[in-house]
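The exercises below ask you to read a structure with care, one step at a time.

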Amino acid sequence: MGEFKVHRVRFFNYVPSAIRCVAYNNHSNRLAVSRTDGTVEIYNLSANYFQEKFFPGHESRATEALCWAEGQRLFSAGLNGEIIEYDLQALKIKYAMDAFGGPIWSMAASPSGSQLLIGCEDGSVKLFQITPDKIQFERNFDRQKSRILSLSWHPSGTHIAAGSIDYISVFDVKSGSAVRKMIVDRQYMGVSKRKCIVWGVAFLSDGTIISVDSAGKVQFWDSATGTLVKSHLIANADVQSIAVANQEDSFVVGTAEGTVFHFQLVPVTSNSSEKQWVRTKPFQHHTHDVRTVAHSPTSLISGGTDTHLVIRPLMEKLEVKNYDAALRKITFPHRRLISCSRKRQLLLFQFAHHLELWRLGSTVATGKMGDPENIICSCISPCGSWIAYSTASRFFLYRLNYEHDNISLKRVSKMPAFLRSALQILFSEDSTKLFVASNQGTLHIVQLSGGSFKHLHAFQPQSGTVEAMCLLAVSPDGNWLAASGTSAGVHLHCTVPAYNFPVTAMAIAPNTNNLVIAHSDQQVFEYSIPDKHYTDWSRTVQKHGFHHLWLQRDTPITHISFHPKRPMHILLHDAYMFCIIDKSLPLPNDKTLLYNPFPPTNESDVVQRRTAHAFKISKIYKPLLFMDLLDERTLVAVERPLDDIIAQLPPPIKKKKFGT
Amino acid sequence: MVQLRPRASRAPVSAEAMVDEGQPTSEEEAEHGLLLGQPSSGAAAEPLEEDEEGDEEFDDEAPEELTFASAQAEAREEERRVRETVRRDKTLLKEKRKRREELFIEQKKRKLLPDTILEKLTTASQTNIKKSPGKVKEVNLQKKNEDCERGNDSKKVKVQKVQSVSQNKSYLAVRLKDQDLRAARQQAAQAFIHNSLYGPGTNRTTVNKFLSLANKRLPVKRAAVQFLNNAWGIQKKQNAKRFKRRWMVRKMKTKK
């Protein structure tokens with residue numbers, strides 16, 4: 001294996017933004033997550049919870065509500081008063097429509113999926129009709145006194161419950177008038193000066209309204225009579241979110257203390273038909289406010305200010321109890337935010353609004369953007385003389401000049417019109433070519449020379465599909481380029497056989513021109529490009545199968561690289577381990593230890609040879625955001641300890657523990 | 001009954017006071033005053049005027065003898081002159097104002113875009129509001145909005161991106177007042193959320209204290225997660241550093 005010198009980098013001050021809303025789509029088993037900086041990410045829950053698409057954020061967009069409508073359409077509404085529809089194919093925003101009601105606090109799609117309801121700052125509830133290409137304002141309901149913070153449709157679509165400050169109103173959809181108004185107590189069994197904010201409401205089909213408010217209560221109301229049926233005090237702080245399952249036999253609430261409670265409808269006695277709502281399970285997976293929860297048929301999903309997305313499968317809903325039933329906590333990004341220039345030992349860190357360029361040893365330059373838009377992707381060329389990055393609407397290219405240890409940046413102006421917004425940028429190995437994957441599905445090749453550039457070629461999308469190209473890989477000799485789309489097809493001059501799990505990382509080996517692809521279900525394939533078929537090693541691995549511990553890893557592989565002198569080695573890493581695959585050694589079967597400890601030197605050679613296998617895994621550096629080979633003897637590892645992220649989060653609710 | 005002679009004031013009565021806005025009345029008043037000045041007897045008027053003039057001149061000469069009629073005529077002339085000057089001033093002012101107004105209108109017209117573009121914008125305005133990405137030029141057109149409002153029914157005029165072939169650029173015209181309103185509302189909404197979650201009355205603590213709670217309950221108690229406060233006494237530390245440098249320099253000098 002050899003010995004390496006490792007540069008451990010811990011100064012990448014990456015803090016993810018808090019999760020604000022979560023929306024689960026039952027038909028496609030996808031989860032849309034929106035964060036406080038306006039980014040919307042789409043996770044494919046059936047592909048091992050991989051983040052397959054994301055929409056970059058914008059400073060003025062403060063999303064407060066997210067929902068799916070019929071036909072896989074995603075809408076979001078925020079405090080800037082606009083309803084935004086997202087184009088999931090082209091990965092951009094279709095349009096933003098102003099609702100003229102002030103900041104929008106809540107949004108709900110009707111059970112049929114054809115109407116959209118929003119609750120605004122001025123107390124009005126507006127109904128929109130969803131037309132095939134846009135949404136159209138239909139009418140206003142009765143205006144209420146204070147802002148409408150939560151909305152819920154009755155499953156039949158005839159009534160609406162709207163939660164506001166200190167009261168809940170029930171509207172009739174046809175007439176638009178408020179039928180009932182229920183006043184919420186400010187405190188459970190008491191009086192309080194602070195107003196009670198109803199953070200969430202849910203309307204069940206038997207007419208029960210469940211409300212969660214800032215006094216820590218979960219209350220059940222009868223909408224026909226407008227009376228309180230039952231009240232549960234579950235927390236000392238706000239209860240901020242509620243989500244009901246489709247079968248209406250269970251719902252989940254999230255509190256500001258980080259606890260998530262599961263309520264279920266259970267029979268009163270074991271053989272009676274009468275049922276009641278009982279609080280069954282508390283889960284403490286978060287440290288800060290849980291601002292949003294979702295209930296899928298088999299699991300509870302929660303997200304909040306501590307930036308983790310936690311997916312807790314429910315044991316009673318799963319048929320097969322295997323590793324799928326474990327808790328999933330998604331903390332680190334599933335994309336690469338760091339690029340490295342090997343020759344000059346430079347690292348480029350991508351933040352939301354600026355880029356930082358570091359030389360191993362000292363900081364060099366920081367570029368700051370004035371744009372309110374977030375940066376989508378960035379890249380530095382291997383020779384270290386070009387930096388390119390892209391936002392949702394513009395593309396930037398900078399040239400670096402080196403004079404005696406100082407670095408100066410010079411912007412290349414006059415970008416061509418077609419280079420508008422790029423999903424992925426990559427430089428060729430000799431830094432003469434720039435590959436840009438735009439979100440219209442075209443792939444542009446630009447030739448860089450001296451201080452100028454020239455557009456060489458544009459690959460149009462094959463077979464007429466407008467699909468966004470997400471990952472790029474280029475061969476070191478500059479002959480081959482691989483691009484993968486969002487739906488798991490890898491395109492070269494030919495097409496790699498499709499696999500139903502999305503690609504998480506790709507790289508082309510230097511001499512053999514083998515394309516190594518890692519998928520989200522932890523499968524690794526090796527495809528030989530000149531021969532246009534899978535290599536023998538790849539076939540043996542597939543026949544043999546991976547070790548079960550390898551397949552049970554949580555986080556996807558985000559980067560693959562190669563050793564220049566050893567063609568049999570593949571270096572890959574995910575958030576919690578890095579691994580060097582030695583293709584010459586035998587493969588491990590399920591009985592052998594996958595994570596070999598440090599090889600004991602006092603064991604005999606025979607024993608060592610017998611237990612050695614191809615996967616050399618090290619878990620020393622974690623959590624890893626990036627790992628790469630700088631030269632033959634040096635590695636660079638960018639770590640981000642979780643404590644450093646937590647130290648920069650907003651204040652949590654105080655917990656009183658006995659003895660402190 | 002003795003009619004007391006109303007004394008004319010010592011201070012010279014200013015012409016304007018006499019010739020006020022209500023000119024005929026002042027004339028009457030003036031006449032009245034003069035009439036009153038001669039309290040129903042011509043003989044009394046003369047010595048009054050004589051008295052005044054005598055006080056003013058301080059001469060041994062005998063004062064001038066003016067007939068009443070001439071004095072009246074003089075006074076009337078003065079009034080007329082004063083009135084005319086005031087009228088002239090007024091007309092001058094009016095003209096000035098008119099000229100200024102015209103100048104302003106011209107300047108405003110110059111500030112507006114040429115008519116062709118305005119026409120295009122008014123015809124192309126929709127109720128859709130779309131802030132398009134791409135090169136956007138925001139033009140402050142407040143006068144133009146007034147024109148638009150006359151033409152359209154929409155309250156808020158936010159115009160679509162206009163592709164004008166002749167000029168080869170696309171821009172969006174947005175009313176600045178709306179933007180300010182919207183920003184203010186968004187700020188207010190965010191302040192509401194911040195207040196309700198982190199404001200007074202909520203039971204919040206720092207992350208440091210939160211994470212150190214576990215350390216307090218361990219069997220071997222440990223320090224807090226972030227024990228050192230590096231932001232304490234920054235000014236003091238800086239002063240100390242500076243002093244130390246200066247003291248070292250001084251020490252080196254005295255040693256040499």
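**Exercise 1. Describe the interface of chain B and chain A by its contacts, its buried area and the residues that chain B contributes.**

Solution. First count the contacts (heavy atoms within 4.5 Å): 32 residues of chain B touch 44 residues of chain A.

Next take the buried area, which is the accessible area (1.4 Å probe) that two parts lose on being put together, summed over both. The two chains bury about 3,200 Å² between them, and 62% of this is on carbon and sulfur atoms. On the side of chain B, the residues that lose the most area to chain A are Phe192(B), Arg204(B) and Phe210(B), together 18% of what that side buries.

Then look at polar contacts, meaning pairs of N or O atoms within 3.5 Å, where within protein one must be able to donate a hydrogen and the other to accept it, and residues adjacent in sequence count only if both atoms are side-chain atoms. Eight residue pairs, both residues at pLDDT 80 or more, are in polar contact between chain B and chain A. Helices (H or I, at least four residues) and strands (E, at least two) are DSSP runs, numbered from the N terminus, and the elements of chain B that give two or more residues to this side are helix H7 (176-198) and helix H8 (207-216). H7(B) supplies the largest share, 11 residues.

Finally, sort the residues by class, with Ala, Val, Leu, Ile, Met, Phe, Trp, Tyr, Cys and Pro as nonpolar, Asp, Glu, Lys and Arg as charged, and the others, Gly among them, as polar. The side of chain B that touches chain A then has 12 nonpolar, 11 polar and nine charged residues.

**Exercise 2. Is Lys217(A) buried or exposed, and with which residue does Lys217(A) form a salt bridge?**

Solution. Start with the position: Lys217(A) is placed in strand E20 (residues 217-222) of chain A. Buried means under 20% relative accessible area, exposed over 50%, and partly exposed in between (1.4 Å probe, protein chains only). Lys217(A) has a relative accessible area of 0%, so this residue is buried.

Now look for its partners. Lys217(A) forms a salt bridge with Asp213(A), with the closest N and O atoms 3.2 Å apart, and both residues are buried.

**Exercise 3. Compare the accessibility of the two residues in the salt bridge of Asp166(A) and Arg186(A).**

Solution. The side chains of Asp166(A) and Arg186(A) meet at 2.8 Å, N to O. Asp166(A) is in the loop between strand E15 (159-163) and strand E16 (167-172), and Arg186(A) is in the loop between strand E17 (178-183) and strand E18 (198-203), 20 residues apart. Asp166(A) is buried, with a relative accessible area of 14%, whereas Arg186(A) is partly exposed at 30%.

**Exercise 4. Decide where chain B should be read with caution.**

Solution. Chain B has a mean pLDDT of 70, and 57% of its residues reach 70 or more. The pLDDT is below 50 over residues 13-17 of chain B, and again over residues 19-54 of chain B. Where pLDDT is low, the predicted coordinates should not be read in detail.

Definitions and conventions
Residues are numbered from 1 along each chain as its sequence is written. Chains are lettered from A and ligands numbered from 1 in the order in which they are written. Side-chain values use heavy atoms; hydrogens and water are left out. pLDDT is the predictor's confidence in each residue, from 0 to 100. A salt bridge is a side-chain nitrogen of Lys or Arg within 4 Å of a carboxyl oxygen of Asp or Glu.
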